[in-house]
Number of protein chains: 4
Amino acid sequence: MTDPLLLRLRLTVRFSDCDPLGHVNNAVYLTYIEQARIELWRRQVGPLSRLRPDGSRGEGFILARAEVDFRSQARDGDELEVRLALGGFGRSSAVYEYEIVDVGSGRLVAEAKTVQAWFDYDANKTVPLTEETKARLSQSFSDIVQA
Amino acid sequence: MTDPLLLRLRLTVRFSDCDPLGHVNNAVYLTYIEQARIELWRRQVGPLSRLRPDGSRGEGFILARAEVDFRSQARDGDELEVRLALGGFGRSSAVYEYEIVDVGSGRLVAEAKTVQAWFDYDANKTVPLTEETKARLSQSFSDIVQA
Amino acid sequence: MTDPLLLRLRLTVRFSDCDPLGHVNNAVYLTYIEQARIELWRRQVGPLSRLRPDGSRGEGFILARAEVDFRSQARDGDELEVRLALGGFGRSSAVYEYEIVDVGSGRLVAEAKTVQAWFDYDANKTVPLTEETKARLSQSFSDIVQA
Amino acid sequence: MTDPLLLRLRLTVRFSDCDPLGHVNNAVYLTYIEQARIELWRRQVGPLSRLRPDGSRGEGFILARAEVDFRSQARDGDELEVRLALGGFGRSSAVYEYEIVDVGSGRLVAEAKTVQAWFDYDANKTVPLTEETKARLSQSFSDIVQA
């Protein structure tokens with residue numbers, strides 16, 4: 001990844017993340033990269049858009065597309081690091097790129113990419129990203145987040 | 001179970017419900033019995049209490065306690081039937097009892113019990129069950145629900 | 001999808017498939033399409049490669065890549081149909097394309113694509129697909145599978 | 001809990017652990033306490049019994065019963081501590097008791113109890129616990145495990 005790194009998240013593979021083939025189930029990689037996004041957004045723009053006391057929900061990202069390339073297997077108890085980089089902004093969207101690496105061995109476990117649209121959850125439609133919002137969404141964090 | 005049966009739900013074990021031991025992960029049995037409750041409540045009192053347009057959430061059950069006895073193993077592709085029976089009402093709670101049976105063999109897979117409290121999600125506290133609500137929550141359904 | 005349809009699978013969205021945004025969590029779509037693959041392979045080549053009495057595991061597919069485009073939201077209780085079509089074979093891989101449709105409304109919920117490699121789980125490496133295996137993996141099923 | 005504490009595990013609630021009610025789904029508490037058992041057993045007796053190169057699986061615990069009392073709600077991003085204590089041994093079983101506490105506030109989130117049987121995964125039956133095994137299963141760990 002040559003793009004600016006926004007966040008690094010470390011997590012331990014749970015036993016229940018694994019399937020009868022003895023490795024992390026493919027769907028769970030989307031959970032791992034989601035967790036990196038959630039932690040990023042918590043820091044950049046506050047908790048993910050949801051119910052407020054007045055019943056409104058405000059603006060936030062909604063996932064439009066996800067891609068994962070499975071490079072090697074991870075197993076129960078492995079410590080993984082998710083690296084989230086900003087691929088770029090569209091008019092009302094952002095692209096994130098991810099690497100998931102096994103911390104112990106440095107081995108690449110998966111690569112991923114997501115496209116998310118900036119969404120008005122009350123009007124139920126995509127809205128343009130302002131320059132101010134793009135600036136907040138470009139903030140990067142150098143500490144390693146434990147999740 | 002000698003109690004009045006309220007609902008029978010059939011579902012197929014998903015591959016991802018299973019863990020590296022090759023059987024349904026223990027936590028997933030709580031998901032199976034939850035699905036039976038959800039389908040029951042959908043019929044008895046409408047969809048589970050959640051956000052309304054005005055921001056209120058209304059009343060509904062909240063889970064207070066769950067018990068599961070694991071009797072035999074279930075595997076990917078097995079068709080299971082969850083039988084939900086009414087154990088009784090308290091002042092502001094209900095007890096449900098469950099059997100989970102493998103449809104193909106008739107084998108008992110698990111037994112479970114839950115206690116749920118009737119909860120005002122806006123006031124954030126338990127409230128008494130009215131006689132009218134108890135009557136609705138006693139309705140039973142004789143068809144087999146597919147989930 | 002113009003490709004030959006191999007399997008149609010119907011499933012009901014579980015309450016626990018949904019997240020705090022009130023809709024099916026993005027990762028769960030990979031679970032839905034996995035379930036369609038599992039049911040397809042169960043019919044075409046027998047249960048997914050795993051432990052045999054002699055400790056060997058044999059050959060089977062391993063997932064190499066997955067892509068999902070999220071087209072609309074699905075919610076708890078929705079009945080969805082997963083349509084799995086054969087996109088084509090490589091030397092030691094196959095491409096599957098998927099549509100996930102809401103049965104009630106006909107609305108498109110998601111489109112997806114996976115690439116899977118034919119894998120020798122004992123030798124731990126990708127192996128070429130024989131013509132015989134390709135023929136078995138091309139079998140289509142016209143009934144609707146309930147899962 | 002007055003019983004001897006064997007392990008303390010800290011974990012962060014994942015967004016996908018939460019359901020449309022905006023809190024940790026009830027089934028996920030069984031995942032949290034399972035993770036504490038897995039980490040305990042990894043230290044006491046090695047990784048959980050599963051496939052060996054010769055196809056055998058050896059002895060290990062199998063879950064027989066689980067109980068959870070839900071005391072308060074936990075939400076996305078909360079850091080929780082699972083405290084696992086030894087309730088006692090039977091002839092071929094052990095009882096564990098758990099408290100799940102919100103680290104930030106000290107608030108009790110759930111209490112739980114599990115009974116697990118010592119199981120010969122090759123012979124597919126429960127076997128007695130030897131004194132040596134009981135001694136290993138009584139080992140406690142004073143550091144806080146991050147998961």
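Tutor: Start with superposition: copies are fitted by least squares on the C-alpha atoms of residues with pLDDT of at least 70 in both. This is a predicted model, where local features need pLDDT of at least 70, side-chain atom pairs count only at pLDDT 80 or more, and totals for chains, interfaces and linings use all residues. Residues are numbered from 1 along each chain as its sequence is written, chains are lettered from A and ligands numbered from 1 in the order written, and side-chain values use heavy atoms, without hydrogens and water.

Take chains D and B.

Next, the contact (heavy atoms within 4.5 Å). It joins 25 residues of chain D to 25 residues of chain B. The copies meet through the same surface, because 100% of the interface residues of chain D are also interface residues in chain B. Buried area is the accessible area (1.4 Å probe) lost by two parts on being put together, summed over both. For chains D and B, the figure is about 2100 Å², with 48% of it on carbon and sulfur atoms.

Now charge. A salt bridge puts a side-chain nitrogen of Lys or Arg within 4 Å of a carboxyl oxygen of Asp or Glu. Four such bridges cross between chain D and chain B.

Turn to chains A and C. A 180° rotation with 0.0 Å of shift along its axis puts chain A on chain C, RMSD 0.0 Å. Glu67(A) has the C-alpha nearest the axis in chain A, 2.1 Å from it. Both copies use the same surface: 100% of the contact residues of chain A recur in chain C. Contact links 25 residues of chain A with 25 of chain C. The two bury about 2100 Å², and carbon and sulfur atoms give 49% of that. On the chain A side, Leu21(A), Arg65(A) and Phe70(A) lose the most area to chain C, together 24% of what that side buries. Arg65(A) also forms a salt bridge with Glu67(C), at 3.1 Å from N to O. Chain A and chain C share four salt bridges.

Helices pack here too. Helices (H or I, at least four residues) and strands (E, at least two) are DSSP runs, numbered from the N terminus. Axes are lines fitted to C-alpha atoms, for helices over the stretch in contact, with angles from 0 to 180 degrees between N-to-C directions. H1 (residues 28-45) of chain A meets H1 (residues 26-44) of chain C at about 175°, axes 8 Å apart. H1(A) is therefore roughly antiparallel (over 145 degrees) to H1(C). H1(A) contributes Leu30(A), Thr31(A), Glu34(A) and Arg37(A), while H1(C) contributes Asn26(C), Ala27(C) and Leu30(C).

Definitions and conventions. Angles under 35 degrees count as roughly parallel, over 145 as roughly antiparallel, 65 to 115 as roughly perpendicular and the rest as oblique.
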